[in-house]
Amino acid sequence: MNRDQPLWRLGAAEAAGRMTQGLLTSQELVEACLERIRATEPTVQAWTFLDEAHALAQAKAADERRRSGVPVGSLNGLPVGIKDIIDTADMPTENGCAVHKGRTPSRDAAVVTMLRAAGAVILGKTVTTECAYFFPGKTRNPHNPEHTPGGSSSGSAASVAAEMVPLAVGSQTNGSVIRPAAFCGVYGFKPTHGLIPRAGILKLSRSLDHVGVFARSLEDLALIAEELIGFHQEDEDTRARARMPLRALVAEAPPVEPMFAFIKTPHWEKASGDMKDAFTELVQALGDRVEEVDLSVGAADAWSWHKTVMEVEMAANFEKEWTAARDQLSAPLRALIERGREVRAVDYQRALRGVPALIEGFEDLFLERYDAILTPAAPGSAPKGLTSTGDPAFCTPWSLTGMPAVTLPVLQDSAGLPIGVQLVGRRNFDGRLLRTARWLRDRIEAQA
């Protein structure tokens, strides 16, 4: 434990440990994070709402809870950034959308309620692309402000990468957690579809929407994700289940060395030269622990099915905005809604019917031999320019099938920008995926 590093650089688990030992207060940590934000926000622009006095009041309350001797949650006093499509009763939630400017929800989203119950300090709201789609917000990549941070969870990824906050929450309908985490050089985790409740979060697509988390270590991902998994009556895709011991699992050694299925996907030609070189070296380093696997013929339809489902369901969910204020929506969002409104019902149903067989095919892959799928998180490092958030193609099939995915910031391009390694696991085996990811991280670090 390095006592000399700035407090804002502390990871969540380390900060929580110091607080338990009485070596750190939440107020000290939050003050340090706010100081860091003041120094870096003019360049990174990760936040859309931040009330310093309110954040410090929450920190003071967390410290008082701990001093009082009452049981406190595992996140007590830890600051967390919240994507601005997630409702907060004490802060605006504007969805990055001109139509929703000034929107102030009357209650918290389910995940915010869970975070508060665990003692977290809701530091502020992080920038999202417009309605969590492709039109960029103001956020810049902390590694190079001339490059995109990715999207749609732009501010959540960038705020963690810039060491403004140790934890942040985002969402993914296509590639909106895994891609910005890769571009910004942090860990991102999209759990199995339906594990984390989406009540009180802007609805794009019931079939595809996931809640995800960002951190600077796998251990910190497990810490926050474990608190967010659960049933909620307003999310039809959640169910009552035993608590997943993610923190314990990520700390375990696998019973045997994992096997990886390296899947390039049909979009491998989009990968940059640096990406291909990095993955070639990674595969060589893993030796007999990895095998290249081709997708089945049917799996090639995943990208078109995802497009159909997302466009139809987003068109339906944004009917109100389309009818009342379409001229205030960006051209990309208007175009998506227009396409979704024109899709035939038979094509939408065909896309939905194809997904169970696709899931079954991947289940067979895991049952036969492999612990995780190894694949890029994005075609390369963050592209230069701020008019696009990058290509989500390497995330699409895992969002369609609802499989858990995690990105590890363990590679770099020739310019020193981060390249993400994505691991994908079997549905509802999220802890096993994180354990496998830790093994891979440790293996790469040992060979560095």
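Which strands does helix 3 (residues 52-68) lie across? Helix 3 lies across strand 1 and strand 3, and runs at about 150° to strand 3. Angles here go from 0 to 180 degrees between N-to-C directions, with axes as lines fitted to C-alpha atoms, for helices over the stretch in contact. Helices (H or I, at least four residues) and strands (E, at least two) are DSSP runs numbered from the N terminus. The model is a predicted one, where local features need pLDDT of at least 70 and side-chain atom pairs count only at pLDDT 80 or more, while totals for chains, interfaces and linings use all residues. Residues are numbered from 1 along each chain as its sequence is written, and side-chain values use heavy atoms, with hydrogens and water left out.

The sheet itself is open, with eleven strands in the order 1-3-2-4-6-5-10-11-9-7-8 and mixed pairing; two strands pair if DSSP finds at least two bridges between them. At its edges sit strand 1 (47-50) and strand 8 (290-292), each pairing on one side only. From one strand to the next, the twist averages 30°. Helix 2 (residues 26-44) packs on this sheet and touches strand 1, strand 2 (79-83) and strand 3 (121-126), contact being heavy atoms within 4.5 Å. The direction of helix 2 makes about 15° with that of strand 3.

Strand 5 (residues 187-190) and strand 6 (residues 210-215) pair in the antiparallel sense, over three bridges. Here F189 stands opposite V213 in strand 6.

As for disulfides (pairs of cysteine sulfur atoms within 2.5 Å), the count is zero. C97 is in none, and the nearest cysteine sulfur, that of C131, is 3.7 Å away.
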